[in-house]
Amino acid sequence: MNIHLANEIATLRLGEQIAQLCPPQQFTIHLEGELGAGKTTLTRGFLHQLGHQGNVKSPTYTLVERYDLSDRTVFHFDLYRLTDPEELDFLGLDDYLSQNSICLIEWASQGGEYLPQPDISITLSYQNNGRQAIISALSNEGKQLCEQLHK
Ligand SMILES: Nc1ncnc2c1ncn2[C@@H]1O[C@H](COP(=O)(O)OP(=O)(O)OP(=O)(O)O)[C@@H](O)[C@H]1O
Ligand SMILES: [Mg+2]
């Protein structure tokens with residue numbers, strides 16, 4: 001699925017919509033795209049929709065930020081500075097993925113084979129003055145979410 005995002009608000013909205021459609025079980029979203037493509041902006045919309053009111057800063061050095069929200073726990077990863085995918089072992093990734101959480105992973109490609117297959121993958125790129133989002137579904141739950149998003 002291919003969506004044009006004319007401005008920052010549109011990126012926030014897409015994050016909100018996806019948050020509304022996330023199924024109740026463990027769900028993982030990979031966010032790809034070059035520096036400044038809008039990955040954190042989408043995550044901000046996502047977290048605000050689920051009730052987070054404060055800032056959303058990129059966990060560039062800590063690699064992961066945890067948000068305990070009223071309904072869900074969300075983990076926001078930024079793997080830009082991961083030098084070796086093995087570091088993910090030290091983070092205890094399995095724990096994150098086994099508690100009905102939602103994981104949003106910026107620069108997921110840096111994690112290589114250490115990351116499990118996501119439910120959806122979103123690739124953001126520059127398009128005119130805005131951005132383009134290409135969303136791929138990689139699980140049945142991800143497919144259902146994309147069908148709902150399409151409506
Ligand atoms: N659809 C859009 N049109 C124009 N600007 C946008 C759009 N979406 C987000 N932006 C702007 O792009 C800038 C960078 O966004 P953001 O920090 O979300 O990128 P990022 O992909 O997380 O970058 P990084 O890889 O450095 O973490 C922000 O100033 C944001 O307002
Ligand atoms: Mg970012």
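Q: Is Trp 107 buried, partly exposed or exposed in this model?
A: The model is a predicted one. Trp 107 has a relative accessible area of 18%. Buried means under 20%, so with its 18% Trp 107 falls in that class. The answer is buried.

Q: Where does Trp 107 lie, and what is its phi?
A: Trp 107 lies in the loop between S5 and S6. Its phi is positive, in a residue other than glycine. The value is near 55 degrees.

Q: Which class of accessibility does Asn 128 belong to?
A: Asn 128 lies in the loop between S6 and S7, and its phi is a positive value near 50 degrees. The relative accessibility of Asn 128 is 72%. Exposed means over 50%, so at 72% Asn 128 counts as exposed.

Q: How many residues apart in the chain are Thr 40 and Glu 106?
A: Thr 40 is in helix H2, residues 39-49. Glu 106 is in strand S5, residues 102-106. The pair links distant parts of the chain, and the separation is 66 residues.

Q: Is Glu 106 buried or exposed?
A: The relative accessibility of Glu 106 is 3%. The cut-off for buried is under 20%. Because 3% is under that cut-off, Glu 106 counts as buried.

Q: How many residues of H2 are buried?
A: H2 is mostly covered. Its buried residues include Lys 39, Thr 40, Phe 46 and Leu 47. They pack against H1, S5 and other elements, among them strand S2 (27-32) and strand S3 (64-68). Of the 11 residues of H2, the number buried is eight.

Q: Which residue just after H2 takes a positive phi?
A: The residue follows the end of H2. Its phi is about 105 degrees. The residue is Gly 51.

Q: Which element gives the most residues to the lining of the largest pocket?
A: The largest pocket has a volume of about 260 Å³. Of the 21 residues that line it, those closest to its centre are Gly 36, Ala 37, Gly 38, Lys 39 and Thr 41. Two or more lining residues come from each of helix H1 (8-21), H2 and strand S7 (130-137). The element that gives the most, with three residues, is H2.

Q: How many residues in the lining of the largest pocket are polar?
A: The lining residues divide into nonpolar, polar and charged. Six are nonpolar and five are charged. The number of polar residues is 10.

Q: What distance separates the C-alpha atoms of Ala 10 and Thr 41?
A: Ala 10 is found in helix H1. Ala 10 is partly exposed, with a relative accessible area of 22%. Along the chain, Ala 10 and Thr 41 are 31 residues apart. Their C-alpha atoms are separated by 9.8 Å.

Q: How many disulfides does the structure hold?
A: A disulfide is a covalent bond between the sulfur atoms of two cysteines. Cys 22 is in no disulfide, and the nearest cysteine sulfur, that of Cys 146, is 11 Å away. A disulfide needs the sulfur atoms within 2.5 Å. The number of disulfides in the structure is zero.

Q: What is the relative accessible area of Cys 146?
A: Cys 146 is in no disulfide. Cys 146 is also buried. Its relative accessible area is 10%.

Q: What distance separates the C-alpha atoms of Ser 136 and Met 1?
A: Ser 136 lies in strand S7. Leaving aside neighbours within four places in sequence, Ser 136 is in contact with Asp 119, Ile 120 and Ser 121. Met 1 is 135 residues from Ser 136 along the chain. The C-alpha atoms of the two are separated by 6.6 Å.

Q: Which residues does Gly 130 touch, not counting residues up to four places away in sequence?
A: Gly 130 lies in strand S7. Gly 130 is buried, with a relative accessible area of 4%. The residues that Gly 130 touches are Leu 5, Ala 6 and Ser 125.

Key
Residues are numbered from 1 along each chain as its sequence is written. Chains are lettered from A and ligands numbered from 1 in the order in which they are written. This is a predicted model: local features need pLDDT of at least 70, side-chain atom pairs count only at pLDDT 80 or more; totals for chains, interfaces and linings use all residues. Side-chain values use heavy atoms; hydrogens and water are left out. Helices (H or I, at least four residues) and strands (E, at least two) are DSSP runs, numbered from the N terminus. Buried means under 20% relative accessible area, exposed over 50%, partly exposed in between (1.4 Å probe, protein chains only). On a 1 Å grid over the protein atoms alone, a cavity is a set of points where a 1.4 Å probe fits but cannot get out, and a pocket is an open set with protein on both sides within 12 Å along at least five of seven lines; lining residues have an atom within 4 Å of a point. Grid points are joined across faces, edges and corners, and a volume is the space filled by probe spheres set on the points. Ala, Val, Leu, Ile, Met, Phe, Trp, Tyr, Cys and Pro count as nonpolar, Asp, Glu, Lys and Arg as charged, and the others, Gly among them, as polar. Contact means heavy atoms within 4.5 Å.
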